[in-house]
Amino acid sequence: MAKSNKAAITRIATTVTARFYPTTGATDGFYLDGRLSGRREHRAADVTLDREERGFFYAVFAHLTGGATDENAVSPVKKPLDKIMTEVKQPGHNIDAEINELAECAVSVVGRIALKNDGMRQPYFAGILVRDSEMAAVTMGNGCAYLYRGDVLYPLTSDDYPLEAIDYAGKPISGIDVYCAGVAGTVRYSNIAQLQMDDCLITCNREVMEALGQREILRMLYEAEDQADAAGMIITAAAAKLPGTPMQFMIGFVENITSADRTARLGMTRSHADTAAVASAAVPAAFPSLNRNRPQAAAEPKKPVTDLPHEAEEADLDFIPPKKAERPATATRPQPVPYKQSPSRLPEQREEPFDEEDDSFGDEIDTYGRGRRIAFYVIIAAICVACLFLIYSMLFKDKDTPGTTTTTTTQASGQTSSGTSGSSQTTTTTATSESTTTTSTATTTTTTTTSAGIMTTHTVVAGDTIWGLAMKYYGVGDFEHMNLIAEANGMKLIQDGDKVKLEGNIRVGDVLKIPNKP
């Protein structure tokens, strides 16, 4: 087994894509470096994780403890998975000890694998550990684990799906089973391998391989832009070939490997990135379209490193301040070169003289703005005047409408309303809200102003009728206007067919109230 002498930090971008369907038997799930599939992935999954750590743990599996939405059933599966993930990330652990823990975790998740029955889905497990740029894998049942490196798909364990010893182009290769270790019971182990940049770690169930085949998967891995694109293409094509079959495909792309040892002297040690770069120089990288855009570092000529004596090293550590350079004399200073404007290829454009008299555009703007301001002020003034007039009308309307003022001039002999006896000329003026009546036996002149409800009064003379009064004051002699006069004077008008009868007596000299026209 290969062993790493230096701690390394690896950056891996991992994507898991799955299609889940309800089946009888085992239930599918995945574990993405601490993230266990749950209710959101009940029917499908498409999750990507890009992380930089010393240790990683990825797994796809199918267990018999219950569905993904049953928390009580998922809890026994989550506990051993979390244990492996915690141990692989803690300092002081190495991958040699963790591979045995991974095998126990696989047995805890899968349980006992029984004989195959028709219609009964069997459990499986495929998990990969990464620690300090080294990786190991364990599979059970229909679980498969692969390493995609240099356009070749290497099996990490001896699963039941046979692979051809060919690359993407169909050329034969040797050592296709170099990473497979052996089998212990139902658990299949891999050798511990050193990761390189642009490697791809793949875990899936065997149904994916059976649906597409080795050559089709190699083609899709070669044409994909990145690991997410590859996972999506493979699951989509496999689900079309075997509809209704649960499938999941997890692929991790090694983006970078750097040394975690910061105490080494610069230039005296070789980092894992340098080792990976040398190894990948002779091996084609995964996802060629992605690596075409990756900036390549320029190769620098190597210089031999010689050991310096101890005294020389101490002498190099002493700080010697640099001498201040003397300023050169004025005569020796370089003189600035005068700038010469290059001739322009465009024809010269002469500036036209500005004529102040022709600048009428500004005057038009001023005149237009002044006119708008004047119109605005006029409108505001008109609105103010209208408001004042309306307020005045509301406040002084009642004061300008006094009650009825009746002036009666009587020339007779007898008693007047003021109580004066004898033959004399009496003038009586009364201003009340009601009519004031003066009885006379001679000529009567009445002047009436309108009050609220009563338009005027009328002194009855010989020949007057209620119809005549309605025609005189209203211009209409219908029943409505005659009844209006009758009700204002306490009388009642009765209509009997075409005849109208007035209940009440009207005598000559009576003063009748004429109400306002409705």
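Me: How should the stretch over residues 295-322 be read, where pLDDT stays under 50?

Reply: Where pLDDT is low, the predicted coordinates should not be read in detail. This is a predicted model, and for residues 295-322 it has five contacts beyond four places in sequence. The chain as a whole has a mean pLDDT of 74, with 64% of its residues at 70 or more. Residues 263-283 also have pLDDT below 50, and the model gives that stretch 21 contacts beyond near neighbours in sequence.

Me: What is the strand order of the open six-stranded sheet, and how do its strands pair?

Reply: The order is S4-S1-S14-S13-S8-S9, and the pairing is antiparallel. From one strand to the next, the twist averages 20 degrees.

Me: Why is one side of strand S4 and of strand S9 left without a neighbour in the sheet?

Reply: Strand S4 (44-53) and strand S9 (152-155) are the edge strands; each has a single partner strand, and therefore one side of each lacks a neighbour in the sheet. In the case of S4, ten bridges join this strand to the antiparallel S1 (residues 8-19). Thr-15 is found opposite Thr-48 of S4.

Me: Which strands does helix H4 lie across?

Reply: Helix H4 lies across S8 (143-149), S9, S13 (200-205) and S14 (247-259), and runs at about 125 degrees to S9.

Me: How do the axes of H4 and H5 cross, and which residues meet?

Reply: The axes of H4 (residues 214-223) and H5 (residues 227-241) come within 9 Å, crossing at roughly 150 degrees. The crossing of H4 past H5 is right-handed. From H4, the residues in contact are Ile-217, Met-220 and Leu-221; from H5, they are Ala-230, Met-233, Ile-234 and Ala-237. By class, this contact has seven nonpolar residues, with no polar and no charged ones. An α-helix has 3.6 residues a turn, so residues three or four places apart point the same way.

Me: Which residues of helix H11 are buried, and what covers them?

Reply: A residue counts as buried when its relative accessible area is under 20%. In H11 (residues 479-488), the buried residues are His-481, Met-482, Asn-483, Ile-485 and Ala-486. Their cover includes helix H10 (466-474) and the strands S19 (492-496), S20 (499-503) and S21 (511-515).

Definitions and conventions: Residues numbered from 1 in each chain as written. Predicted model: local features only at pLDDT ≥ 70, side-chain atom pairs only at ≥ 80, totals over all residues. Heavy atoms only, no water. Axes fitted to C-alpha atoms, helices over the stretch in contact; angles between N-to-C directions. Helix = DSSP H or I, 4+ residues; strand = E, 2+ residues; numbered from the N terminus. Left-handed = near helix turned anticlockwise from the far one by under 90°. Contact = heavy atoms within 4.5 Å. Nonpolar A, V, L, I, M, F, W, Y, C, P; charged D, E, K, R; others polar. pLDDT = per-residue confidence, 0-100. Buried < 20%, exposed > 50% of the residue type's maximum accessible area, 1.4 Å probe, protein only. Pairing = 2+ DSSP bridges.
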